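The structure is shown first.

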Amino acid sequence: MARWGMVIDLEKCTGCQACTTACSMENSRLPGENWQDVLFYNEGEYPSGKLTWLPRPCMHCENASCVDVCPTKATYKDKDGFVLINWDLCIGCKYCMIACPYGVRFYAEEKQKTLPDVREVWPSKDGKVWDPPWAMPEHMNDPKHGVGIQPRNVVSKCTFCYHRVSKAPQGTPDLDPNDPKTREFTPACVVTCAPTARYFGDLDNPKSYVRQLIAEKCGVRLQDHTGNRPQVYYLAGEAASIPETRSTRTRKV
Amino acid sequence: MNHMAQRLSKVVSRQEIAGSSLLWQSAACLPLSAQGCCQCAKACPTDALEFNGGIPSVTAQCTDCARCAAACPTDALQRKHFPAPVAKNVRSGEPVFIDCSKVPRPHSPEVTIRVPCLGAISTGWLLKLQDQIGDAPIVALDRGWCSSCRSGGDSACSATNVVADAGRMFADAGIPLQLQPRIERHPLRLVKMPDAIPAAVEETLISRRGLFSLGFSEAAGLAVGALNTHGASVDTALPPLGTVGRLIPAEQIRRMTALLSIRSRYPGSPATLPLPAVSIENNQCENHGICAAVCPTGALVKYGDNGAAGIRFNALLCVSCRQCERDCPQQAIRFTALRGTLPQDIEQELTRHPVKVCVKCDDEFSGAPGETCPVCRKTEALFVRRVVANEPSGNAVA
């Protein structure tokens, strides 16, 4: 039993989109269907306006509204804190997409925004959305946990790299990509993050570094007023700002 | 849904439920796609039928009365050897009797269909029989045993509800009163009642040819054969079921085809069909289409044409599961049970929204207010400044 969570340090994040690319490669995402995306937005008015950005994975909320609304119980909260979709049960009604306050759920049957339509370039023969040449090995497809290439007409979302993290030994406090023992269990976006802005660990384990970070650097959750209680925390530090509060926050001494 | 259809297509044949004479077809069962149908379990007089993980099972309490099968809107449950709604030696104007199979055979009149239980007759079955026998009325025989029988349920005679339903439908459809089915009381002494419903095989006297055809139909998977005997012909003037994996509302189709067929013999009078109705508040609806997605039979479908989009409803396909009402995020949808519907109103448009183009992402959307699509609005909302209580503002250096 763990409660996996992520900490994203916005002070370190450079908005390079390496995480987006790593996620797409790891999970064979369609172009544009970025489970992990970096949103860019303008802050302030001319002449003091500036471009800022926000990486946005699935928040794997403790009290996820998508889980509550699912009419077929296809979306569920795993005992280890993942919010996952069972593609065998999903009927593609998209209720979860409406319910999610973060907009991190995707439905692949929508109009393709990039050309060419890769679903036609690499069509699937077995009812999947597409059949890309760089897909993960067949045996790793896990529709019960929403891992792999999804079948048609289902909703998909970030799994916190369930296929990696779930193999971590019991009681591991942190999944650190720099530690050879835990690197293979670490989510793809965390492994690839060049400025090491991402941390991944067990929020319930008192020994974990993510807990320490959240406490020391005043971790903030997005849209906290919705009561979803995300398991992804953002650190603003002095240099960055978090859209939720737009206040710069510093270490409590 | 495609993979679901593939998975389900493997199980189109019916499987026996251990400990009963019931056959179950998982591909036609509603609890798999809609939560909380379970009409069969509600109909069971002894609470013997249970659903565990979407798969039905019976306890030792099962009396084999097949009331559950009668309650099933999609023919997912059927009883083996349930008599087809056909009577032999019918004389015009003289009644056809329906009798409980517990009644010793010599006590039944000559033209009788013996059913496992009078409660096991569905309205569709009764109407279908009426259609077959022409102008002979149907009489259900009340032996006064139902209240003492384990399969009896609450009412004095198990057939009360279904006979009343059929009568009401006949009245609404403008079919002459003398054709309305009725219950006649012909009490028998209670000591003659056997404990259990006689096994179906002993009950049916079949010819050699009948035996072979029965054997073949079982071997070839009862799905098709059972549909024919129960008379749910799907080839009537129905719209094509667009989505793969959608269920066929067999009971409703059986009712309506029989009703329309009977009615065609009595032209002239205005007629309404007893169909469920659904309405959507156009102002509240945001055209998410969740109702259409969760509808197990495809009665509700999304449409988009000529710069407008919305929901269309086909009352013939509705099985009254009310899943749409439960799942609407706007609570804009209202369900009304069995309303008199004019034949031209069977298929109708419930909502109509103009299609707009999002100013941010150029995607088409409909239903939602404003200029931006719901997806873009959600992303925007992530960046809205929000005042959080007890939060240090500015540089909160202690």
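## Domains of chain B

Chain B comprises domain 1 (2-76), domain 2 (77-271) and domain 3 (273-398), with bounds taken from an automatic or database domain assignment. The model is predicted: local features need pLDDT of at least 70, side-chain atom pairs count only at pLDDT 80 or more, and totals for chains, interfaces and linings use all residues. Residues are numbered from 1 along each chain as its sequence is written, chains are lettered from A and ligands numbered from 1 in the order in which they are written, and side-chain values use heavy atoms, with hydrogens and water left out.

The secondary structure of chain B amounts to 12 helices and 16 strands; helices (H or I, at least four residues) and strands (E, at least two) are DSSP runs, numbered from the N terminus. Of the 398 residues in chain B, 49% are buried, where buried means under 20% relative accessible area, exposed over 50%, and partly exposed in between (1.4 Å probe, protein chains only). Among the contacts in chain B with a separation of 6 or more, 67% come from residues 24 or more positions apart; a contact means heavy atoms within 4.5 Å.

## Interface of domains 2 and 3

In chain B, 12 residues of domain 2 are in contact with 19 residues of domain 3. The size of an interface is often given as the accessible area lost when the parts come together. Domain 2 and domain 3 of chain B bury about 1400 Å² between them, 68% of it on carbon and sulfur atoms; this buried area is the accessible area (1.4 Å probe) that two parts lose on being put together, summed over both.

On the domain 2 side of chain B, the residues that lose the most area to domain 3 are Arg246(B), Gln252(B) and Met256(B), which together supply 35% of what that side buries. Zero salt bridges are found across this interface of domain 2 and domain 3 of chain B, a salt bridge being a side-chain nitrogen of Lys or Arg within 4 Å of a carboxyl oxygen of Asp or Glu.

## An enclosed helix in chain B

Helix H4 (residues 123-133) of chain B is largely enclosed by the rest of the structure, because 10 of its 11 residues are buried. The buried residues of H4(B) include Trp125(B), Leu126(B), Lys128(B) and Asp131(B). Gly134(B), with a positive phi near 70°, follows H4(B).

## An open sheet in chain A

Three strands of chain A form an open sheet of mixed pairing, in the order E8-E1-E9; two strands pair if DSSP finds at least two bridges between them. Strand E8 (198-202) and strand E9 (232-235) of chain A stand at the edges, each with a single partner strand, so one side of each has no neighbour in the sheet. From one strand to the next, the twist averages 20°.

Strand E1 (residues 4-9) of chain A runs parallel to E9(A) and is joined to E9(A) by four bridges. Asp9(A) has Leu235(A) as its bridge partner in E9(A). Helix H7 (residues 209-217) of chain A lies across E1, E8 and E9 of chain A and runs at about 115° to E8(A). Axes are lines fitted to C-alpha atoms, for helices over the stretch in contact, and angles run from 0 to 180 degrees between N-to-C directions.

## Backbone features in loops

A cis peptide bond, with omega about 5°, joins Tyr46(A) and Pro47(A). Pro47(A) belongs to the loop between strand E2 (37-43) and strand E3 (50-56) of chain A.

Asp47(B), although not a glycine, has a positive phi of about 55°. Asp47(B) is exposed, with a relative accessible area of 58%. Arg322(B), also not a glycine, has a positive phi of about 65° and is partly exposed at 37% relative accessibility.
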